[in-house]
Amino acid sequence: MDTSEHRHDGEAVATVDVDRTDLAYRAWLKEAVRKVQADANRSADTHLLRFPLPESWGIDLYLKDESTHPTGSLKHRLARSLFLYGLCNGWIRPGAPVIEASSGSTAVSEAYFAKLIGVPFIAVMPRTTSPEKCRLIEFHGGRCHFVDDSRLLYEESATLAAQTGGHYMDQFTYAERATDWRGNNNIAESIYQQLRLERYPEPAWIVATAGTGGTSATIARYVHYMQHDTRICVPDPENSCFFDGWTQHNPLATSDCGSRIEGIGRPRMEPSFVPGPSTG
């Protein structure tokens, strides 16, 4: 942006030559944010399904079915939040690729949103990833970038972003930051709204497994914010380090081998896993 000065009726008047590149970017950003928000606006919320249990137990069990999102991905809601976070921080730029360390649900949904706003998407994943998952990512316009050692996923993603001038989305760091835990149709607010006419509108427990840790952090924070008495349970599969890191108060805990359940649990304590809100 350039500023110049000229005389008008004997007085100095400052004028501004607007940077057309900046105007073009702001117009692109405005449209990109609109498209991502419109995706949520035209989508119905996911179902909260009641699981049948014997009436004599006096217990109601519900399952939140996140697979009914447009991509069929359990991480569609998270991917939308990550894209809005990246766009509004100025990290996602026109024509520059978005890169993610993921071989699962997050990559599928991020490929969808990248295509929606017209930027390339690259999923960095282990070479052992199933062909079906690769096809889903490619179906939504993404590209798969394979590594032989899964421990190098994060490093390779950051390197690829630097080489291409793209943005490494880094779900394992930003999942808990990108979601507004106070509301805005996050998964916690959705659950409580859907339970409000049930015989037990305030659940005794909410069980949320941890991949990034963002969902458990969001739900726990919302529970405290709304002053509910609900408790949060985060089950951790074998070969994941979240349980050890939580019990030992060790943010550097790691596991030498992959989780027994793909996509749930991690070999390291991810920055997005926040044990504090779930305790007590």
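1. D45 is partly exposed, with a relative accessible area of 30% (buried means under 20% relative accessible area, exposed over 50%, and partly exposed in between, with a 1.4 Å probe and protein chains only). The model is a predicted one, in which local features need pLDDT of at least 70 and side-chain atom pairs count only at pLDDT 80 or more, while totals for chains, interfaces and linings use all residues. Residues are numbered from 1 along each chain as its sequence is written, and side-chain values use heavy atoms, with hydrogens and water left out.

2. D45 pairs with K64 in a salt bridge (a side-chain nitrogen of Lys or Arg within 4 Å of a carboxyl oxygen of Asp or Glu), the closest N and O atoms being 3.7 Å apart. Because D45 lies in the loop between α1 (20–41) and β3 (47–51) and K64 in strand β4 (residues 61–65), the pair ties together parts that are 19 residues apart in sequence; helices (H or I, at least four residues) and strands (E, at least two) are DSSP runs, numbered from the N terminus.

3. E176, which is buried at a relative accessible area of 11%, forms a salt bridge with R221, with 2.8 Å between the closest N and O atoms. E176 belongs to helix α6 (residues 171–178) and R221 to helix α8 (residues 214–225), so this pair links parts that are 45 residues apart in sequence.

4. In the salt bridge between E270 and R268, the closest N and O atoms are 2.7 Å apart; E270 is buried, with a relative accessible area of 2%, whereas R268 is partly exposed at 27%. Elsewhere, salt bridges that share partners join D45, K64, E66 and R77 into one network.

5. In total, the structure holds 16 salt bridges.
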